[in-house]
Amino acid sequence: METAGLWERNPVISPPHTRVAIPDGEGFKIHEISSTDFRSFSDKVVDVVVSALEVSHPQPPETAVRELIDNLVHAVPCAASVVVDPSLNRFYVSDTGPGISRLDLALEPGYSTATEAQRSVIRGVGLGFYLAEKEIADLGGNLQVFSQPGGGTYISVSLTGDVETGMDGLVEKLSHRQNNILFLLTEEDSVGPSQVASELGISLSTAHRELVKLERLGLITRSTDGKRFLSDIGKSYLQSILSL
C-alpha cells in the first residue's frame with residue numbers, strides 16, 4: 001500500500017518503540033521496531049503484522065492494520081506493542097499513552113485527540129479507527145477499543161467476528177497462580193522459569209507451562225535469551241484488576 005504523503009517529517013515527534021509478538025513454537029518471536037521516521041516505522045510494523053496474518057487468513061486487512069499503527073501518533077510519547085495470533089485470526093495493539101477521554105466517540109469519523117504537533121505529522125487525522133473498523137467489518141470481523149484516561153489504549157481485532165470480553169474477561173480466565181506470576185514481573189525487570197518456580201514454590205515444568213499460557217494471552221513477552229517481561233497488555237490488565 002502506498003504511504004507517500006501520509007506521514008510528514010517532524011523533528012520533535014518520533015514513533016513509539018514497538019514490540020511485535022508473533023507465535024513461534026511454544027513462545028513468541030519478538031520484533032523490536034524503532035525508527036526516527038514515521039513512514040518507515042509504519043511500513044515495518046505493517047509488513048510484520050500482515051505477513052503473520054497471511055499464514056491463516058487469505059485476505060489480511062492491510063488497510064486496517066496500517067490505520068491502527070498510524071493512529072499511534074495520538075499516543076506519543078509512549079511505548080507500544082502488537083500481539084498477533086494467526087491461529088485465532090486475532091491481533092491486538094496497545095500503547096502506554098494518555099488514553100482516550102471519549103471512548104464513546106472513538107469510532108466516529110472526525111473524532112480526534114491529536115495535538116497540533118501530532119497533526120503536523122500525519123494527515124487524515126480523525127479517520128483511523130473508523131476506516132479500520134469498516135474494513136474489518138467488511139471482512140466479517142470485529143474491532144473493539146478499550147481505554148482509560150491516563151491508562152493507555154488496548155485494541156482487540158478478531159477477523160472472525162468473535163467479541164472480546166475485555167480486561168474483565170481476563171480476570172475470570174486467569175488463575176491465582178498466573179496472577180501471582182504477573183505481579184512477580186512487576187517487581188523484577190524480567191524472570192525465567194527457574195525464578196518463577198523458586199518464588200512460587202512450584203515445579204520448573206509447571207512454571208514453564210504457566211509462562212507459555214501467559215505469553216499466548218499476550219500478557220507477557222519473551223526476549224531472545226528466554227527471559228519474560230510484562231507486555232503493555234499485561235500492564236493494562238494489572239491496572240484493571242487493581243482498580244476493581
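Trainee: Is Asp43 buried, partly exposed or exposed?
Mentor: Asp43 is partly exposed, with a relative accessible area of 31%. Buried means under 20% relative accessible area, exposed over 50%, and partly exposed in between, using a 1.4 Å probe and protein chains only. Keep in mind that this is a predicted model: local features need pLDDT of at least 70 and side-chain atom pairs pLDDT 80 or more, while totals for chains, interfaces and linings use all residues. Residues are numbered from 1 along each chain as its sequence is written, and side-chain values use heavy atoms, with hydrogens and water left out.

Trainee: Which residue forms a salt bridge with Asp43?
Mentor: Arg66 does, with the closest N and O atoms 2.9 Å apart. A salt bridge here is a side-chain nitrogen of Lys or Arg within 4 Å of a carboxyl oxygen of Asp or Glu. Arg66 lies in helix α2 and Asp43 in helix α1, so the pair ties together parts that are 23 residues apart in sequence. Helices (H or I, at least four residues) and strands (E, at least two) are DSSP runs, numbered from the N terminus.

Trainee: And what about Arg66, buried or exposed?
Mentor: Arg66 is buried, at a relative accessible area of 5%. Its side chain also meets that of Glu62 in a salt bridge, at 3.8 Å from N to O. Both residues sit in helix α2, four residues apart, which is about one turn of the helix. An α-helix has 3.6 residues a turn, so residues three or four places apart point the same way. Glu62 itself counts as partly exposed, with 28% relative accessibility.

Trainee: How many salt bridges does the count come to?
Mentor: Eight, by that rule.

Trainee: Back to α2, then. How many of its nine residues are buried?
Mentor: Seven of the nine in α2 (residues 62–70) are buried, so the helix is largely enclosed by the rest of the structure. Among the buried ones are Val65, Leu68 and Ile69.

Trainee: What covers them?
Mentor: The cover includes α1 (38–53), β3 (79–85), β4 (90–95), α4 (128–138), β5 (142–147) and β6 (153–158).

Trainee: Switching topic: which residues form a nonpolar patch on the surface?
Mentor: Leu127, Tyr130 and Leu131, with about 220 Å² of accessible area together. Tyr130 is found in helix α4 and is partly exposed, at a relative accessible area of 33%. For such patches, residues need over 30% relative accessible area and no salt bridge; like charges are joined within 9 Å, nonpolar side chains (Val, Leu, Ile, Met, Phe, Trp, Tyr) within 5 Å. The areas come from the Shrake-Rupley method with a 1.4 Å probe; for residues, only the protein chains shown count as cover.

Trainee: And the overall picture?
Mentor: The secondary structure comes to nine helices and eight strands, and buried residues make up 52% of the 244 residues.

Technical notes:
Contact = heavy atoms within 4.5 Å.
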